[in-house]
Amino acid sequence: MKIPRGTQDILPGDSEKWQLIETKARELCERYQYREIRTPIFEHTDLFQRGVGDTTDIVQKEMYTFTDRGGRSLTLRPEGTAAAVRSFVEHKMFGNPNQPVKLYYIGPMFRYERPQAGRFRQFVQFGVEAMGSADPAIDAEVISLALRLYQELGLKKLKLVINSLGDKISRTAHREALVTHFSPRIGEFCTDCQNRLEKNPMRILDCKADRDHELMRSAPSIIDYLTDDSRNYFNKVTTFLTDMEIEFEVDANLVRGLDYYNHTAFEIMSNAEGFGAITTLCGGGRYNGLVEEIGGPETPGIGFALSVERLIAALEAEGAELPVKEEIDCYLVSLGDEAKDYTVGLLHQLRMAGFSAERDYLDRKIKAQFKAADRVNAKYVAVLGENELKEKKINLKSMADGVQIEVPLESFIEKFKEICR
């Protein structure tokens with residue numbers, strides 16, 4: 001029996017890296033005052049059709065949708081924003097006294113895509129959402145949080161790309177210009193782009209199949225159609241990023257793959273050599289209007305999501321090592337049946353005192369037990385034989401310098417506390 005295509009087992013040795021990343025993300029969110037939300041792994045299909053958008057590849061091609069025994073259409077969540085917004089509306093968080101409501105999530109998402117390096121059908125996203133503020137300063141805050149996570153984990157070869165998708169008036173004018181631009185030769189584009197021409201022509205700019213077509217390079221830029229309000233908003237976001245000493249590039253063709261974005265859109269990319277053809281690590285933007293679409297009051301919002309798998313791939317591409325703890329405090333080595341039995345209680349005492357500790361369970365010889373202690377990077381080895389047991393003492397050896405001391409058994413835990421702390 002083999003694992004399903006597009007999924008992976010995260011084994012000991014690697015799972016510690018995931019734990020470290022998740023811990024760092026949670027610590028960073030605490031610093032920025034974002035609080036965790038946990039939503040169901042499946043939701044009503046209509047949520048994603050309304051929230052993500054009927055014209056997106058996610059809804060049209062990639063969702064895992066099924067009918068339950070009650071005849072309801074449910075979908076494994078393909079992204080985190082729609083679910084967070086649904087929860088925001090359902091639990092009336094728009095009435096919370098502390099605004100904006102700042103949330104984060106970490107969990108598995110599901111998309112039926114062609115598996116490739118760094119892309120899975122079940123993958124883990126970390127994301128944040130800030131709902132209730134139209135201040136461009138929070139756009140800059142969200143971007144800085146995403147960048148900071150990568151930087152604190154050790155990534156250096158990063159590129160931030162931003163764009164403005166404008167307000168409704170800006171997008172309507174831009175939409176008309178795109179239809180005029182692409183219509184005469186739309187037959188040269190893929191079927192998806194032909195369908196998007198009337199439904200959402202801006203999504204044509206996000207097409208991977210036709211990205212090298214000459215009309216893509218000459219397509220009207222949203223920047224040229226921004227209203228004064230939209231342009232001023234975008235200028236403030238870029239000014240705040242500059243104030244934070246965050247470098248960025250403006251890319252007028254950056255549109256993001258989801259229908260709900262407006263105003264600020266951004267992506268963080270890896271410039272690491274050998275990282276792969278898909279360089280995007282993180283994407284996000286502002287989604288004013290999404291809360292209303294899902295049944296709530298008019299509420300502005302902004303967020304981002306990143307793949308933990310791609311983050312790990314970027315770390316590997318840069319050769320950045322995560323400071324994973326791969327050691328234990330104490331390994332108990334025993335010689336003789338009575339001593340071996342005695343270490344069961346002693347091991348428990350060490351663990352109850354807050355130490356990571358281990359013993360032999362395979363009746364190995366003393367030399368093999370020391371090798372086992374080496375493999376788990378034990379800082380100390382405590383050796384108990386039949387003679388030591390009779391004399392009610394135990395030998396404690398530091399594996400770093402080889403220094404060995406004799407400790408009374410009755411005071412071993414207290415002495416170990418003094419040594420280790």
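Lys102 sits in strand 5, which spans residues 101-110. Strands here are DSSP E runs of at least two residues and helices are H or I runs of at least four, both numbered from the N terminus. Keep in mind that this is a predicted model: local features need pLDDT of at least 70, side-chain atom pairs count only at pLDDT 80 or more, and totals for chains, interfaces and linings use all residues. Residues are numbered from 1 along each chain as its sequence is written, and side-chain values use heavy atoms, with hydrogens and water left out.

Is Lys102 buried or exposed? With 16% relative accessibility, Lys102 counts as buried, because buried means under 20% relative accessible area, while exposed means over 50% and partly exposed lies in between (1.4 Å probe, protein chains only).

| Partner of the Lys102 side chain | Distance |
|---|---|
| Side chain of Glu141 | 3.1 Å |

A polar contact is a pair of N or O atoms within 3.5 Å; within protein, one must be able to donate a hydrogen and the other to accept it, and residues adjacent in sequence count only if both atoms are side-chain atoms. Leaving aside neighbours within four places in sequence, Lys102 also has contacts (heavy atoms within 4.5 Å) that include Gln33, Tyr34, Arg35, Glu129 and Ala130.

Next comes strand 6. Strand 5 and strand 6 run antiparallel, joined by 10 bridges; strands pair if DSSP finds at least two bridges between them. Val101 has Met131 in strand 6 as its bridge partner. Strand 6 (residues 122-131) has 9 of its 10 residues buried, so it is largely enclosed by the rest of the structure. Strand 6 is also antiparallel to strand 11 (residues 301-307), with 7 bridges, and Val128 stands opposite Phe304 in strand 11.

Which residues of helix 15 are buried? They are Phe412, Ile413 and Phe416. These cover an arc of only 95° around the axis, which puts them on the same side of helix 15; the arc is that of the directions from the helix axis to the C-beta atoms. Their cover includes strand 12, helix 12 (337-352), strand 14, strand 15 and strand 16.
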